[in-house]
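Please read these notes alongside the coordinates. They are arranged as numbered points.

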Amino acid sequence: MRNMRLMVQGAAVLALGVAASGCASIKDHRGYIIDEALVASVQPGVDNKLSVERTLGRPTFTSQFGRQTWYYVAQNTKQRPFNRPRTDNQSILVVDFDAKGNVASLTREGMEKVVRLSPESDKTPTLGRDRSFFQDLFGNIGAVGAIPGGQGGAPTGTGPNGS
């Protein structure tokens with residue numbers, strides 16, 4: 001009888017341990033793995049694009065407009081059971097280049113650049129007028145074919161339909 005009780009208690013503890021392990025958070029690293037020694041070796045005014053790429057590797061993304069900037073992004077995320085992943089820690093290494101392709105500056109940014117979006121809301125906020133369904137549906141009646149300025153007569157333009 002005593003052995004049976006110990007077996008039941010042991011099975012209960014084992015089942016509880018298995019159930020609790022399913023509720024553990026999942027931690028993940030996304031993006032660039034920053035090596036501090038390599039980052040410290042990049043010097044403004046000394047290095048150029050080629051030497052930065054050989055030292056740090058290809059950037060996560062680059063600027064498309066304005067100053068030539070490379071971004072190396074690293075994120076640590078945590079996901080609790082039945083939830084979305086959340087950014088726990090973020091580090092962005094920003095390398096700015098001058099017009100000749102030499103390193104102008106090297107800066108770091110962190111969690112202040114993380115934005116939480118909720119795309120599941122009922123409405124998307126927009127700039128402009130707040131119109132009802134019927135205003136959208138019937139709002140252009142009478143506007144099609146109307147002459148700008150309100151003057152009557154046939155169109156006299158050189159286009160294919162006289163406009």
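The points below go from the overall fold to single residues.

1. Basis. This is a predicted model, in which local features need pLDDT of at least 70 and side-chain atom pairs count only at pLDDT 80 or more, while totals for chains, interfaces and linings use all residues. Residues are numbered from 1 along each chain as its sequence is written, and side-chain values use heavy atoms, with hydrogens and water left out.

2. Fold. The protein chain has 4 helices and 5 strands, in the order α-β-α-α-β-β-β-β-α from the N terminus. Helices (H or I, at least four residues) and strands (E, at least two) are DSSP runs, numbered from the N terminus. Among contacts between residues at least 6 apart in sequence, 43% join residues at least 24 apart; contact means heavy atoms within 4.5 Å.

3. Surface. The protein chain exposes about 13,200 Å², of which carbon and sulfur atoms supply 56%; accessible areas come from the Shrake-Rupley method with a 1.4 Å probe, and for residues only the protein chains shown count as cover. Of the 163 residues, 16% count as buried. Buried means under 20% relative accessible area, exposed over 50%, and partly exposed in between (1.4 Å probe, protein chains only).

4. Core. The largest nonpolar core has 11 residues, among them Tyr32, Val52, Trp70 and Phe97. A nonpolar core is a set of buried Ala, Val, Leu, Ile, Met, Phe, Trp, Tyr and Cys residues joined through side-chain atoms within 4.5 Å. Two or more residues each come from helix H3 (49–56), strand E3 (68–79) and strand E4 (86–97); E4 gives the most, with 3 residues. Leu56 is one of the core residues. Not counting residues up to four places away in sequence, Leu56 touches Tyr32, Leu38, Val39, Val42, Tyr72 and Leu93. In soluble globular proteins, nonpolar side chains tend to be buried together.

5. Salt bridges. There are 4 salt bridges in the structure, each a side-chain nitrogen of Lys or Arg within 4 Å of a carboxyl oxygen of Asp or Glu. In one of them, glutamate 36 meets arginine 108 at 2.8 Å, N to O. Glutamate 36 lies in helix H2 (residues 36–41) and arginine 108 in strand E5 (residues 103–109), so this pair ties together parts 72 residues apart in sequence. Glutamate 36 is partly exposed at 48% relative accessibility, and arginine 108 is partly exposed at 40%.

6. Arginine 67 and aspartate 96 form a salt bridge (3.7 Å, N to O). Arginine 67 is in the loop between strand E2 (61–62) and E3, and aspartate 96 is in strand E4, 29 residues apart. Arginine 67 is exposed, with a relative accessible area of 51%, whereas aspartate 96 counts as buried at 12% relative accessibility.

7. Glutamine 90, in strand E4, counts as buried because its relative accessibility is 8%. Its side chain makes a polar contact with the side chain of glutamine 75 at 2.6 Å. A polar contact is a pair of N or O atoms within 3.5 Å; within protein, one must be able to donate a hydrogen and the other to accept it, and residues adjacent in sequence count only if both atoms are side-chain atoms.

8. Backbone. Which non-glycine residue has a positive phi of about 65°? That residue is phenylalanine 82, placed in the loop between E3 and E4. Phenylalanine 82 counts as exposed, at 84% relative accessibility.
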